[in-house]
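The tour goes from the whole chain to single side chains, one selection at a time.

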Amino acid sequence: MTAQISALRRSGACFTANSFILNQKHIRLPHTSIYTRSFHSSWITLYNNPKETKIDYGKETNRGEIAVRVIRTAKKMGIKTVAIYSDADTRSLHVRLADEAVNVGPAPTNQSYLNLPVILKAVKDTGAQAVHPGYGFLSENSTFVKALDEIGVTFIGPGEDAMRAMGDKIRSKLIAKAAGVNVIPGYDGVCENADHALKIACEIGYPVMLKASGGGGGKGMRIAWNDREVREGFKLATQESMSSFGDNRLLVEKYVDNPRHIEIQILGDKFGNCVYLPERECSIQRRNQKVIEEAPSTHLNEATRNAMGKQAIALAKNVNYSSAGTVEFLVDAQRNFYFLEMNTRLQVEHPITEYITGLDLVEQMIRIAANQRLGFRQEDIKFHGWAIESRVYAEDPEKYLPSIGRLSKYIEPVSLKDKSKVRCDSGVVEGSEISIYYDPLICKLSTYGETRDEAIEVMKRALDSYVIKGVTHNVPLLREVIGSPRFQSGLISTKFLAEEYPTGFKGHTLNQKSLFHLASVAALVHAKRDVRNWCWGEGKEALLKGNQIGKAPHKWDLWVRINNGIAGVESVPVRIERKSENLQHTDKFEVKLLGYPPTLIDASWPLESPLIDAHFQIPDQSDEKITVQYLDPLPVGFRLQHLGTKFDITVYTNRQHELLKYMIEKPKRDLTKFILAPMPGSVISLAVKEGDEVSEGAELAVVEAMKMQNVLRAARIGKVKKIYVKPGDAVAADEVMIEFENDAPKKEKNTT
């Protein structure tokens, strides 16, 4: 059979660099995918169609990880690729991987990735035969699809009519009703202005959702619980929608409180065949944007899964949908489900569906675009195991504000036991720049397990070993959620983050177990560095032999001082003794602390390297293996990352700890009279002027970064003394924007 396949490839019977035409009556191609795991049949049957489209040169009109993802599948299929890039992405990974790359303009999206005339010119100039849009940008722009069709270029996605129908959230809701799909109560039309939105909200009843009609991905969405929030939300959602999608139309619908967000992946060809794949649950969200997804869902039973799948197919067939698409639903505790929207593109979280089905969805999209029939029927769709995806963002996990900078250190995690169980979809490498202009997604980290518990454990280990330096990132939040009892129980909803962290995520708060692990590793780091310093001081080699070993330090009585953020400072006495017979990267130490029995630690840590793998052997207990990150040396001490959270560590001798009480702490600077930029971005508007008196909570300014708008509000009553910025200015993180008078304005006494 292998020889037969090779012969078919040589004859042009499958995807090669020279041909995309299947010229055999009935052939069987080996099904491969971007990763190594395949659970069901490794063969897909393809049938000849005389109208199949020849594609041997394709163009990717996106950037970042999704462009890299598409390019890799295209290369696997023998299709040459062209990438587009802005000035900010000149050195990006997707540009390096493509066979050819074309600059489409300056960094702002409206001058590059949303600049339709420039992109169409690039398509024509390079002779590309097909375009894959990825997600975001022009991926759901029916005008783009029509323009490509007019110049004879294949769009790897749905047709213009289907995209226009389902890409418009208002029209798609009406179509869903007509197709017999359950829908959320709301206004079936475009919201004209803030007053109109307020009227609709009062008629529907609070809470309501204001949502961009022509977009997705959490952009242009606001929840309103009262009249004031409707007016404010209308303004912000309109501006975000226009900035992200070039369309400022909004719809208003009832907000389903405390739901689960579950979606159905569909695949349809151009011959009326359509199937649904197992669901994905996307309930862990912030700002209506997904953070953690999993497939399948713990909430659905087979009956609900089938009902949702059938409604998704009914909707797709109603508009003659072909290609990959996703129908999103809100599901309540009783498993009642309501149509939310349909995304007419490849979904960000598609890797977890690929994990449990063995299908390469990008490959399926390309085959469908080439007028090939689906090679399987609904009854052929099986899934196996469990997959979880964590979206790793360059952002502050407490306030969800984006971070920019260069990745000074970047090491993606791998699975030591089975490499197919960890998958990183990223568009960055060490040295890459996280820009102010685009979504701050660094990587989609996916893990697989035979069971959900296994997938969670693999994800924990992957997050613990994920090294990212140079930008603030949300790994602390991801690690805390994945390890939380509530997430592990499966009892989640879209309000998970708000309920678990009502005042914002502050990082991991050390408990007895995590404190024991961290203090032990901190003492180990100190001990190994102390031995190294002794070697240097004595002029000996780092690896000692013979009787020299006995001269090196081998026992320490220490105090480990850990800055535990909101919980304050923890000081822990630790006795640690080196048990190794030589000084290698892997050392054995015995530690005594926190009431634990003497515990042996078998640790692997080449000095100053980023990962510390520690094996704890506690008497009468099961062994435990953890990974702690060594981040940076500090003027006094060092910084470690444990369970995703960074901790500043200082290690003292007993005498040093005794004298510590005499050290005077430096007073903190009062910044309450300043309004600082919360992240790098652009000033969209100012709501005050110099001399204005403002009340607590009043809007002061709006700053936009990475297509998300953030309202800055007054933390106290005050009088504006000085404004240092104007609309359109670029600001850096923590840059002073507004200064208040030192004293709050005095209220006039009421003499009546």
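The stops below begin with the whole chain and then turn to a helix, rings, charged pairs and backbone details.

**Before selecting anything**

This is a predicted model, in which local features need pLDDT of at least 70 and side-chain atom pairs count only at pLDDT 80 or more, while totals for chains, interfaces and linings use all residues. Residues are numbered from 1 along each chain as its sequence is written, and side-chain values use heavy atoms, with hydrogens and water left out.

**The whole chain**

Show the protein chain as a cartoon, and 18 helices and 41 strands can be traced; these are DSSP runs numbered from the N terminus, with helices (H or I) of at least four residues and strands (E) of at least two. Of the 752 residues in the protein chain, 57% are buried, where buried means under 20% relative accessible area, exposed means over 50%, and partly exposed lies in between (1.4 Å probe, protein chains only). If contact is taken as heavy atoms within 4.5 Å, then 63% of the contacts between residues at least 6 apart in sequence join residues at least 24 apart.

**Helix H13**

Select residues 452–464, which form helix H13, with 13 residues and a reach of 18 Å from the first C-alpha to the last, close to the 18 Å expected at 1.5 Å a residue; the expected span is 1.5 Å times one less than the number of residues. Among the buried residues of H13 are Arg452, Ile456, Met459 and Leu463.

**Aromatic rings**

The whole structure holds 13 aromatic pairs, counted when ring centres of Phe, Tyr and Trp (its six-membered ring) lie within 6.5 Å, with planes under 30 degrees apart called stacked, over 60 edge-to-face and the rest tilted. Select Trp225 and Tyr255, whose ring centres are 6.2 Å apart and whose planes stand at 75 degrees, so the pair is edge-to-face. Trp225 is partly exposed at 43% relative accessible area, whereas Tyr255 is buried at 12%.

Next, select Tyr501 and Phe505, an edge-to-face pair with 5.2 Å from centre to centre and 80 degrees between the planes; Tyr501 and Phe505 are both buried. Then select Tyr113, Phe137, Tyr437 and Tyr438, which ring pairs link into a cluster.

For a charge over a ring (NZ of Lys or CZ of Arg within 6 Å of the ring centre and within 35 degrees of the ring normal), select Arg286, which lies over the face of Tyr393 at 4.4 Å from the ring centre. Arg373 lies over the face of Phe271, at 4.3 Å from the ring centre.

**Salt bridges**

The search of the whole structure finds 53 salt bridges, each a side-chain nitrogen of Lys or Arg within 4 Å of a carboxyl oxygen of Asp or Glu. Select Glu354 and Arg423, whose side chains meet in a salt bridge at 2.8 Å, N to O. The pair links distant parts of the chain, from Glu354 in helix H11 (residues 350–357) to Arg423 in strand E22 (residues 422–426), 69 residues apart. Glu354 is buried at 0% relative accessibility, and Arg423 is buried at 6%.

Which residues lie in one salt-bridge network? Salt bridges that share partners join Arg69, Lys76, Glu354, Asp360, Glu363, Arg367, Arg423 and Asp425.

Move on to Arg529 and Glu608, which meet in a salt bridge at 3.4 Å, N to O. Arg529 is buried, with a relative accessible area of 16%, while Glu608 is partly exposed at 34%.

**Backbone details**

Select Tyr206 and Pro207, which are joined by a cis peptide bond with omega near 0 degrees; Pro207 is in the loop between helix H8 (194–204) and strand E8 (208–212). Another cis peptide bond joins Ala295 and Pro296, with omega about -5 degrees.

Ser323 is in strand E15 (residues 323–331) and is buried at 1% relative accessibility.
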